[in-house]
Every structure is written in C-alpha cells, then in structure tokens.
Amino acid sequence: MAGVAMAPLVGRTIDGLVPWFAGVIAILWLLVFQAIAVGADGINIAAVVIVCIGIDIFRQMVQVSLTSSVFGLDASARSRLNAVLLLSVSPCTLRDYASV
C-alpha cells in the first residue's frame, strides 16, 4: 500500500529524470533494501517494516519508469510492448495466465 500511496511522488520524480536512469536508481535502492532484509533478519521487527515499505516503493518506481519508457516509443508498437512489459514485470502474472 505504501508503494501505491507514493506513486504520485515517484511519478513526479521520474518525470524529472530519464526513465532508464530512474530505473537504475530504483534497482540500486532495491538492492540496498534487500541487503537490509538479509542483514537484519530476525533482529528487530522494525527492519521488516522498513524493508517492506522500501521494496514496495522502489518496485513501484521500477514499474513506472519502465512503463514511461514503453509509452515513449513508437505508437504503432506500443500495445505489443505494453503487453510484454506487463507479462514480464511480475513472474506471478505469467503463472496466473498459464493456469487459466
């Protein structure tokens, strides 16, 4: 929920950056929060909460930056690229469609 609530702020931040650069920044921060999760495992519950919020926010930032990259491409290929993007962002999406 924190990632969705931060979407307007993240979107404004990404609008000021080149989309691929925003994606790289978000991925680096995702790595930082994953390291915190591994390092603080079992020490304190606050670390779990901080990691969940951080991963949620920066995963949303990656998705917004990738989507803005796709919408910046050729209009005739946009729908196909958007479909590929939506299927590749979440591994669960492909699994859910395969079970239908």
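1. Helices (H or I, at least four residues) and strands (E, at least two) are DSSP runs, numbered from the N terminus. Residues are numbered from 1 along each chain as its sequence is written.

2. Because this is a prediction, local features need pLDDT of at least 70 and side-chain atom pairs count only at pLDDT 80 or more, while totals for chains, interfaces and linings use all residues; side-chain values use heavy atoms, with hydrogens and water left out.

3. Of the 100 residues in the chain, 22% are buried. Here buried means under 20% relative accessible area, exposed means over 50%, and partly exposed lies in between (1.4 Å probe, protein chains only). Among the contacts in the chain with a separation of 6 or more, 62% are between residues 24 or more positions apart. A contact means heavy atoms within 4.5 Å.

4. Helix α3 covers residues 19-39, which is 21 residues. The expected span is 1.5 Å times one less than the number of residues. For α3 this gives 30 Å, and the end C-alpha atoms are 30 Å apart, so the two agree.

5. Which residues of α3 are buried? They are A22, G23, A26, L30 and F33. Seen down the axis of α3, these buried residues fall within an arc of 95°, so they line one face of the helix. The arc is that of the directions from the helix axis to the C-beta atoms. The face turned away from the buried side carries the exposed residues W20, L31, V38 and G39. The buried residues of α3 pack against α2 (7-15) and α4 (45-71).

6. The helices α2 and α4 also meet each other: their axes come within 10 Å and cross at roughly 50°. Axes are lines fitted to C-alpha atoms, for helices over the stretch in contact, and angles run from 0 to 180 degrees between N-to-C directions. The pair α2 and α4 is therefore oblique. Angles under 35 degrees count as roughly parallel, over 145 as roughly antiparallel, 65 to 115 as roughly perpendicular and the rest as oblique. On the α2 side the contact is made by A7, V10, G11 and I14, and on the α4 side by I57, Q60, M61, V64, S65 and S68.

7. R80 lies in helix α5 (residues 78-89). Its relative accessibility is 54%, so R80 counts as exposed. The C-alpha atoms of R80 and V70, 10 residues apart along the chain, are separated by 9.8 Å.
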